[in-house]
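Subject: Structure handover

Hi,

Here is the structure I promised to pass on.

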Amino acid sequence: MSDSDTPPPKKKSRQQVYTLLVEVGRHESDGLPDTATGAALMCYASGIDEAEAVRETVAILKQADMAPLDVTGYGTLQERQEDGHDVGEEERELMDRALAENSVIVAQMTPFYD
């Protein structure tokens, strides 16, 4: 086998977990309380960068019949710590799970009411 036959080395992608706050509106069969006008969802999402984490989170929420309206990114664990955020053990465990499963974890839902 010559050098030209060997495949190029694979780039090792570095998944990270991002903390996202997603505001959702109402959608039929979204699972929110009947009198709620929407909700805020605290999510931990894995991705190569924050943009990918946002795209994946929005896609998964849409599949779950949610209506994402706005996403605010708070960065990675390291970025949050640098910004002075207090990140508890439970939060870290959820972030580790999101990374291990390459998934989106909805950690908290706060319904909005008029």
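Let me start with the largest pocket, which is lined by Arg14, Gln15, Gln16, Val17, Thr76, Leu77, Gln78, Met95, Asp96 and Leu99. A pocket here is an open set of points on a 1 Å grid over the protein atoms alone, where a 1.4 Å probe fits, with protein on both sides within 12 Å along at least five of seven lines; lining residues have an atom within 4 Å of a point.

Before going further, a word on conventions. This is a predicted model, in which local features need pLDDT of at least 70 and side-chain atom pairs count only at pLDDT 80 or more, while totals for chains, interfaces and linings use all residues. Residues are numbered from 1 along each chain as its sequence is written, and side-chain values use heavy atoms, with hydrogens and water left out.

Back to the pocket: its space comes to about 180 Å³, the volume being that filled by probe spheres set on the points, which are joined across faces, edges and corners. Strand S1, helix H2 (77–82) and helix H3 each supply at least two lining residues, and H3 gives the most, with three. (Helices are DSSP runs of H or I with at least four residues, strands are runs of E with at least two, and both are numbered from the N terminus.) By type, the lining divides into four nonpolar, four polar and two charged residues; Asp, Glu, Lys and Arg count as charged, Ala, Val, Leu, Ile, Met, Phe, Trp, Tyr, Cys and Pro as nonpolar, and the others, Gly among them, as polar.

Next, the sheet. Four strands form an open sheet in the order S3-S1-S2-S4, with antiparallel pairing; two strands pair if DSSP finds at least two bridges between them. S3 (67–75) and S4 (104–112) stand at the edges with a single partner strand each, so one side of each has no neighbour in the sheet. On average, neighbouring strands are turned by 20 degrees against each other, direction ignored. S1 (residues 16–25) and S3 run antiparallel and are joined by seven bridges, and Leu20 has Gly73 as its bridge partner in S3. Helix H3 (residues 89–101) lies across S1, S2 (38–47) and S4, at about 55 degrees to S2. Such angles run from 0 to 180 degrees between N-to-C directions of axes, which are lines fitted to C-alpha atoms, for helices over the stretch in contact.

Arg80, in helix H2, is buried, with a relative accessible area of 7% (buried means under 20%, exposed over 50%, partly exposed in between, with a 1.4 Å probe and protein chains only). Leaving aside neighbours within four places in sequence, Arg80 is in contact with residues including Thr19, Tyr44, Glu91 and Met95, where contact means heavy atoms within 4.5 Å.

Glu23 lies in strand S1 and is partly exposed at 34%. Beyond its neighbours within four places in sequence, its contacts include Ala39, Asp70 and Phe112.

Finally, which residues other than glycine have a positive phi near 60 degrees? One is Ser29, in the loop between S1 and S2, which counts as exposed at 55% relative accessibility. Another is Asp65, in the loop between helix H1 (50–63) and S3, which is partly exposed at 29%.

Best wishes
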